[in-house]
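Have the sequence and the coordinates open as you read.

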Amino acid sequence: MNKKISISTLNKMKQNGEKFTVLTAYDTSFAKLFDEQGVHMLLVGDSLGMVLQGGDDTLAVTIDEMAYHTRCVKAGVNSTFILADMPFMSYATPEQACDNAAKLMRAGAQMVKLEGGAWLAETITMLSQRSVPVCAHLGLTPQSVHVFGGYKVQGREDDSAQQMIEDAKNLVAAGAQMVLLECVPASLAKAITEAVDVPVVGIGAGVDTDAQVLVMHDILGISAGHIPKFSKNYLAQTGDIRQAVASFVEEVKNKTFPAQEHTF
């Protein structure tokens, strides 16, 4: 992949029914490797609080740490799109969100990701009006782990599923240019993907989303904890890091990943 990927590229892929791939990245070396293997988008995730820092959750990650890792990833990228997480309590008000999003955009992000439902509409509108593209994260939102009482599948009940569909539509109407769904039933993810005209990225959300994202440590089998049900150890399958990434890209493209065993 030599051509620079933009949000327009990803929109066209959705319209054409082409799946795209996303991996987390936190440093220059892996960002460069993923870029060379044709990964379409890199997520500089606050998951670094767990996989890099050894925390039990993502809550301790700061905006300055996110900006640092975004700069590191940016230095390794030639064409891949860069999405960066807004960490816990860095967007409690729209004004605070603007200040902190600016740090991530200056560090090299092309879009920022916020966790939450309809309450984020005003913040998303303010960000998008100020030239900050936004991805809305729905479903299992890890920054809310203590509210949920653990890492649990969201949207199993009819009312919560309907609420998530409405939230997705409302946040896109407010200006969100992408939606990420984490740990939701495949049928709900399919309904949301069809309900909005922006790309929908899934993790533990079935095969019908426009894209799949996984944590790089999971696909390489080196996560400190267990590998989640929705992930797959591609390094064990291939024995080579570059081939592992290439296999992930290929399996998402031809819709063999995620399979039934990775789906809720």
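Contact here means heavy atoms within 4.5 Å. Helices (H or I, at least four residues) and strands (E, at least two) are DSSP runs, numbered from the N terminus. Keep in mind that this is a predicted model: local features need pLDDT of at least 70, side-chain atom pairs count only at pLDDT 80 or more, and totals for chains, interfaces and linings use all residues. Residues are numbered from 1 along each chain as its sequence is written, and side-chain values use heavy atoms, with hydrogens and water left out.

Start with helix 6, residues 121-129, where Thr-123, Ile-124, Met-126 and Leu-127 are buried (under 20% relative accessible area; exposed is over 50%, partly exposed in between, with a 1.4 Å probe and protein chains only). Why do they sit on the same side of helix 6? Because they cover an arc of only 165° around the axis, the arc being that of the directions from the helix axis to the C-beta atoms. An α-helix has 3.6 residues a turn, so residues three or four places apart point the same way. The buried residues pack against helix 5 (94-107), strand 4 (111-115), strand 5 (134-139) and helix 8 (158-174). Over on the other side of helix 6, Glu-122 and Gln-129 are exposed. Just after the helix, Ser-131 takes a positive phi of about 70°.

Helix 1 can be read in the same manner. Its buried residues are Ile-7, Leu-10, Met-13 and Lys-14, and they lie on the same side of helix 1 because their arc around the axis is only 120°. Lys-12 and Gln-15 are exposed on the face turned away from that buried side. At the start of helix 1, a side-chain oxygen of Ser-6 comes within 3.2 Å of the backbone nitrogen of Ser-8. After the helix comes Gly-17, with a positive phi near 75°.

Another of them joins Asp-85 and Lys-113 at 2.6 Å; Asp-85 lies in strand 3 (residues 81-85) and Lys-113 in strand 4, so the pair ties together parts that are 28 residues apart in sequence. Both Asp-85 and Lys-113 are buried. Glu-36 and Lys-32 also meet at 2.6 Å, but these two both lie in helix 2 (residues 28-36), 4 residues apart, about one turn of the helix.

Now look at Lys-19, in the loop between helix 1 and strand 1 (20-24). Lys-19 is buried yet has no salt bridge, and the nearest side chain of opposite charge, Asp-208, is 5.3 Å away. What lies by its polar side-chain atoms instead? The backbone oxygen of Val-207 is 3.0 Å from one such atom, and the backbone oxygen of Thr-209 is 2.7 Å from one. Beyond its neighbours within four places in sequence, Lys-19 is in contact with residues including Met-13, His-40 and Asp-210.

Terms used: Lys, Arg positive; Asp, Glu negative; His and termini not counted. Salt bridge = Lys/Arg side-chain N within 4 Å of Asp/Glu carboxyl O. Polar contact = N/O pair within 3.5 Å; in protein donor to acceptor, adjacent residues only side chain to side chain.
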